[in-house]
Amino acid sequence: MRGRLSLAVRVGFTYCGTIVGAGFASGQEILQFFSMYGRYAMGAILISTFLFSWFGTRMLIFGSRLRAHSFEEFNLYVFGPRFGPVMSAMISLVLFGVTASMLSGVGSLFQEQLGLSFHLGVMITIALTYFVCKKGINGIMSVNSSVVPLMFSFLIVMGLYSWYYGDWQVIAVQESNGQHGHWLISAITYVAFNIVMAQAVLVPLGAEIQDERILRLGSWIGGLGLGFMLLASNYALQLHMDEVKLYDLPMAWMVSQLGEWMQGFFLIVIWAEIFTTLVSNVYGLTTNLQRVFPIRQTYIMLAIFGIAYICSLAGFSTLVHFLYPLFGYCGFIIMFQLLYRFTPKQKVG
């Protein structure tokens, strides 16, 4: 029983690490999708938490019963032989684009925050990503089992600081910013944006573990973990809304109030969150491309890193501006199909 619970926790941490990225750590995603809606933000987060847990469970179970070791096998079943390859191609483009944008982000982190070379930061991160991806699903789970508790620790510190120095009653009277649309649509959109990247790891993770009780529990641990991190971040941001809404990196402003040691912790967390997303994307993209190009995994990864490195020079903001609409389109289509498509009744193979 203890072994099953431990494995379920690792599944949940892997889910969290796949979803959480630089935008989450900076606070900008949470500010735009949730905090701007004032007192309705908590409701939006609770709905997102449920959707993450439910859709994550569906993906894991589909992966387990189909024995789908790549997201193309999943898409062939969910979308059929006509549209499955098209969706896989779109998701591959999204994963590659996110890989390039994450490399650009980590390069900027080294250059702007540490005063080191952009290229040095990218190369170090590529080397570590390659090492983890070579170890497969177990390597990814091990990394996330180390990194996600670090993220939790950071958010607990920020939450305690905000609770001690802030006035929580101001949240109850905060009005929604109408320019950002409806809070319910924002909650669903946030899940749609992120479910695309989750597919790359959750599907082969389900095929690897097979035990559906572990997969279901792991998905809910991951979904609830994401919900906790969203609630803690949103609470801290809303207590200081007048200040943080003026910054591109709202969490960085809050950290600056706590001294240099906390700023160093913040930089480590941002890098770690970029790294976990990068590892998940490269692994998912590599396993899928191996079905199309039957060559060694090493060569595929080196090609991905090389092309992504060149694309990363375009800049983080440019890449995100192009990719986010594609995230949303793919995510909504996948969510609709997971609602519509019956779960396979028997394991294939």
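**Close-up 1. Arginine 213 and aspartate 211 meet in a salt bridge.** A salt bridge here is a side-chain nitrogen of Lys or Arg within 4 Å of a carboxyl oxygen of Asp or Glu. Arginine 213 counts as exposed, at 57% relative accessibility. The cut-offs for that word are as follows: buried is under 20% relative accessible area, exposed is over 50%, and partly exposed is in between (1.4 Å probe, protein chains only). The model is predicted: local features need pLDDT of at least 70, side-chain atom pairs count only at pLDDT 80 or more, and totals for chains, interfaces and linings use all residues. Residues are numbered from 1 along each chain as its sequence is written, and side-chain values use heavy atoms, with hydrogens and water left out.

**Close-up 2. Glutamate 212 pairs with arginine 65.** Their closest N and O atoms are 2.7 Å apart in this salt bridge. Glutamate 212 lies in helix α10 (residues 212-239) and arginine 65 in helix α4 (residues 41-66), so the pair ties together parts that are 147 residues apart in sequence. Helices are DSSP runs (H or I, at least four residues), numbered from the N terminus. Glutamate 212 is buried, at 17% relative accessible area. Arginine 65 is buried too, with a value of 17%.

**Close-up 3. Arginine 216 also forms a salt bridge with glutamate 212.** Here the closest N and O atoms are 3.7 Å apart. The two residues are four apart in helix α10, so about one helical turn separates them. Arginine 216 is partly exposed, at 39% relative accessibility. Elsewhere, salt bridges that share partners join Arg4, Asp211 and Arg213 into one network. The salt-bridge count comes to four.

**Close-up 4. Threonine 18 sits in helix α1 (residues 2-19).** Threonine 18 is buried, at 1% relative accessibility. Its side chain reaches the backbone oxygen of threonine 14 at 2.8 Å. Leaving aside residues up to four places away in sequence, threonine 18 touches Asn144, Met197, Ala198, Val201, Thr277 and Ser280. Contact means heavy atoms within 4.5 Å.

**Close-up 5. Cysteine 16 and cysteine 133 are both buried.** Cysteine 16 has a relative accessibility of 1%. For cysteine 133, the relative accessible area is 1%. The model has zero disulfides, a disulfide being a pair of cysteine sulfur atoms within 2.5 Å.

Definitions and conventions: A polar contact is a pair of N or O atoms within 3.5 Å; within protein, one must be able to donate a hydrogen and the other to accept it, and residues adjacent in sequence count only if both atoms are side-chain atoms.
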